[in-house]
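Please read the following alongside the sequence and the model. The text goes through pockets, then helix packing, then a sheet, and ends with a cavity.

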Amino acid sequence: MSSSAPSSVRVRFAPSPTGFLHIGGLRTALYNYLFAKRHGGSFILRIEDTDQARFVEGAEEDIVRSLAWCGIEVDESPLHGGEAGPYRQSERKKRYMEAAMQLINADVAYYAFDTAEEIETMRERLKASGNPSPSYDSITRQSMKNSLTLPSEEVQKRLEAGDPYVIRLKVPRRESVQFTDIIRGVVTFETKGLDDQVLMKSDGMPTYHLANVVDDHDMGVTHVIRGEEWLSSAPKHILLYNYFGWEPPTMAHLPLIMSPSGGKLSKRKAEQEGIPVNTRDYIDGNYEPEALVNFLAYLGWSPGDDSEIHSMDELIDLFSLEKVSKAGAVFNYKKLMWYNEHYLREQSDDTIVQRLLDLPAAKTLSGVTQEALTACMPLLKERITRIDEFFEMGAFFFEDPTSYDEKGMAKVGDSASAMIHALHQALEQHPSDELDAEAYKSWLQDTADAQGVGLGKVMLPTRLAISGAGFGPDLTPSLAFLGKKTVLRRLQTAMNHWA
RNA sequence: GCCGCGUUCGUCUAGUGGUUAGGACGCCGCCCUUUCACGGCGGUAGCACGGGUUCGAAUCCCGUACGCGGUACCA
């Protein structure tokens with residue numbers, strides 16, 4: 001890129017299609033997106049499919065769908081196109097070999113012919129002699145089969161014969177590599193701790209390290225924003241930029257998302273702790289995307305004030321990498337639920353009703369109509385965390401209860417049956433067939449008075465009889481919603497049950 | 001082991017030499033109330049440790065401990 005005009009910000013989210021989009025990956029994507037939009041730049045999606053063995057069918061589609069669901073708009077990608085394409089690394093194969101050759105010609109990379117077994121043998125040998133983590137490096141490469149140790153005729157012969165080989169980075173023996181990370185400041189590594197990283201694999205594919213450097217350069221990426229797990233390999237990337245004669249992009253290594261029990265939030269751990277880990281789990285689980293986005297944005301970042309609730313546009317306005325924290329952040333599911341409730345309640349009744357109608361439960365319950373849902377919406381809206389809980393908590397609005405909560409039953413005790421009997425009788429004799437909430441209230445009050453008990457003594461049995469649960473939405477409006485016929489039927493059923 | 005990064009209430013965080021260390025989630029209590037929620041009010045709880053530097057350190061420096069990441073022809 002030319003250094004004259006201030007080049008506009010270009011960032012990339014570069015997942016490998018080895019599985020569904022993980023919540024940690026989503027946050028990385030989000031931070032990239034927020035940063036790009038904050039600076040009026042571009043957000044690129046690049047698929048890093050250089051590992052043929054771990055490729056998962058459908059993963060790319062999952063990534064695209066997940067980002068879209070969250071409201072993260074991609075500017076360039078395999079699907080959206082763009083001038084810096086192709087955006088799938090498997091489609092850029094030629095370019096990597098070309099780049100690797102450039103390095104070989106500059107004598108900063110070399111061919112290596114060692115088999116996996118030979119490398120293993122070397123490791124065993126060194127381990128036996130007291131080296132706890134032997135690696136293919138500036139020392140050990142001298143005793144291995146590579147273009148640095150083999151006569152050039154033999155190297156030529158092997159290449160022509162089609163012998164399998166890899167291309168390795170010739171990491172200098174004693175050098176200090178330094179770069180400035182926006183989040184961590186100056187980071188320094190000594191090259192003696194680095195190994196001769198494989199750049200081109202024997203299957204002709206590049207490794208992440210080569211591909212990411214070449215692509216970031218070719219695509220004009222200005223800022224590399226990625227997880228902290230990449231920090232250790234950053235010096236290798238810096239070395240590569242130097243050897244290519246390219247200006248390295250600005251680096252920012254994000255803190256990891258941790259499991260409540262400690263350690264990186266892995267799929268396994270998350271499942272154990274009841275945390276949905278793939279974005280698709282949130283889509284399928286009917287969570288609010290705005291909640292996930294807001295929650296994730298604040299997991300490792302804060303605008304510096306006491307605010308908590310922000311839309312995507314506000315987050316874009318507020319975001320800055322300098323304010324990203326350095327330490328790992330534990331995933332707090334309850335806080336996510338708090339956000340979810342917030343964004344759910346923020347929606348109009350009409351919006352929620354429409355969404356409810358599209359849920360599978362709307363089809364399995366009888367009598368679910370737009371009118372019915374609209375009528376009981378105010379009764380349930382404040383009581384649910386996720387939208388689909390509406391049908392769990394509100395099932396009794398549509399179907400008779402099939403069982404009665406034990407705790408509730410224990411609470412009303414033996415008097416329940418007699419109370420229900422009196423209630424039933426009073427309602428049956430009630431002159432009106434269309435009682436409103438107020439009328440039901442009077443019915444309950446009058447019956448309680450006649451029985452010489454408090455209102456509470458009649459409410460719980462009634463609630464249990466009509467809903468099966470010991471708690472729930474306001475009772476009298478619920479009764480009004482159900483209607484006299486249904487209420488009488490349920491009271492009758494309860495009477496039979498409890499006798 | 002080695003290399004790197006980190007460490008403020010249980011959790012997410014504000015804080016950049018002088019604050020009664022602030023907010024949020026959670027938890028607890030009270031109010032509201034026909035239950036459960038919602039809402040309102042209040043409470044609980046924190047600067048990992050040890051040395052410096054300084055009139056003064058959560059804030060700066062060094063060390064220790066602990067945690068995390070990396071240490072692949074995976075990303």
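Helix 1 (23–38) gives the largest share of the lining of the largest pocket, 5 residues. Helices (H or I, at least four residues) and strands (E, at least two) are DSSP runs numbered from the N terminus. The pocket has a volume of about 1200 Å³ and is lined by 38 residues, of which Pro15, Ser16, Thr18, Glu229 and Trp230 lie nearest its centre. Besides helix 1, strand 1 (10–13) and strand 8 (223–227) each give two or more residues to this lining. By class, the lining holds 14 nonpolar, 14 polar and 10 charged residues. Here Ala, Val, Leu, Ile, Met, Phe, Trp, Tyr, Cys and Pro count as nonpolar, Asp, Glu, Lys and Arg as charged, and the others, Gly among them, as polar. On a 1 Å grid over the protein atoms alone, a pocket is an open set of points with protein on both sides within 12 Å along at least five of seven lines, a cavity is a set where a 1.4 Å probe fits but cannot get out, and lining residues have an atom within 4 Å of a point. Grid points are joined across faces, edges and corners, and a volume is the space filled by probe spheres set on the points.

This is a predicted model, in which local features need pLDDT of at least 70 and side-chain atom pairs count only at pLDDT 80 or more, while totals for chains, interfaces and linings use all residues. Residues are numbered from 1 along each chain as its sequence is written, chains are lettered from A and ligands numbered from 1 in the order in which they are written, and side-chain values use heavy atoms, without hydrogens and water.

The axes of helix 3 (residues 93–105) and helix 6 (residues 208–218) come within 10 Å and cross at roughly 100°. Axes are lines fitted to C-alpha atoms, for helices over the stretch in contact, and angles run from 0 to 180 degrees between N-to-C directions. The two helices are therefore roughly perpendicular (65 to 115 degrees; under 35 is roughly parallel, over 145 roughly antiparallel, the rest oblique). Contact (heavy atoms within 4.5 Å) involves Arg95, Tyr96, Ala99 and Ala100 of helix 3 and Leu210, Ala211, Val214, Asp215 and Asp218 of helix 6.

Helix 3 also lies across strand 3, strand 4 and strand 7, at about 105° to strand 3. These 3 strands form an open antiparallel sheet in the order 3-4-7, pairing meaning at least two DSSP bridges between two strands.

A search of the whole structure finds 1 cavity of 30 Å³ or more.
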